[in-house]
Amino acid sequence: MARKTIGERLAQLEAQRKTLQIRLSKQERAIDTRRKVLIGALVLHRLANDRDVHIGGGLAAWLRSELPKFLTRDGDRDLFDDLLKPQANEPTIGNIGSGSAV
């Protein structure tokens, strides 16, 4: 069996490095996606279940003010149509604590 030259061995190691780098990047993207899903699930849970004005109402109002600036694609905005429309009898950031929300 012929021995590989130093150049061949370096090329093989470089290919292995690239493969491992791709796997690492994929793993990091998966972790990032999972974190986003979990944070999103928490926010949606709070919006649906928290009757406390300072958490549920304030969070909804804050999201309505911040999401339009954050979402740049129409398809993304469409996903949040239900959340971006002001709800009747829901406090806004300006009237939290003023007694207007019950």
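Start by selecting L59, L63, L67, L71 and L83, the five residues that form the largest nonpolar core. A nonpolar core here is a set of buried Ala, Val, Leu, Ile, Met, Phe, Trp, Tyr and Cys residues joined through side-chain atoms within 4.5 Å. Buried means under 20% relative accessible area, exposed means over 50%, and partly exposed is in between (1.4 Å probe, protein chains only). Helix 2 gives three residues, the largest share of this core. In soluble globular proteins, nonpolar side chains tend to be buried together.

This is a predicted model, in which local features need pLDDT of at least 70, side-chain atom pairs count only at pLDDT 80 or more, and totals for chains, interfaces and linings use all residues. Residues are numbered from 1 along each chain as its sequence is written, and side-chain values use heavy atoms, with hydrogens and water left out.

Now show the whole chain as a cartoon. The protein chain has four helices and zero strands, in the order α-α-α-α from the N terminus. Helices (H or I, at least four residues) and strands (E, at least two) are DSSP runs, numbered from the N terminus. Of the 102 residues, 13% count as buried.

Go back to L67 and show its surroundings. Apart from neighbours within four places in sequence, L67 is in contact (heavy atoms within 4.5 Å) with F80, L83 and L84.

Next, select R64 in helix 2. Is R64 buried or exposed? R64 is buried, because its relative accessible area is 15%. Its side chain reaches the backbone oxygen of L83 at 3.1 Å.

Then display the largest pocket, which holds about 540 Å³ of space. Its lining has 15 residues, and those closest to the centre are K36, G40, L67, F70 and F80. Helix 1 (6–49), helix 2 (53–70) and helix 3 (74–79) each give two or more residues to the lining. On a 1 Å grid over the protein atoms alone, a pocket is an open set of points where a 1.4 Å probe fits, with protein on both sides within 12 Å along at least five of seven lines; lining residues have an atom within 4 Å of a point. The volume is the space filled by probe spheres set on the points, which are joined across faces, edges and corners.

K36 counts as exposed because its relative accessibility is 56%. Its side chain makes a polar contact with the side chain of D32 (3.0 Å). A polar contact is a pair of N or O atoms within 3.5 Å; within protein, one must be able to donate a hydrogen and the other to accept it, and residues adjacent in sequence count only if both atoms are side-chain atoms.

Finish at T19, also placed in helix 1. T19 is partly exposed, at 45% relative accessibility. A polar atom of its side chain lies 3.0 Å from the backbone oxygen of A15.
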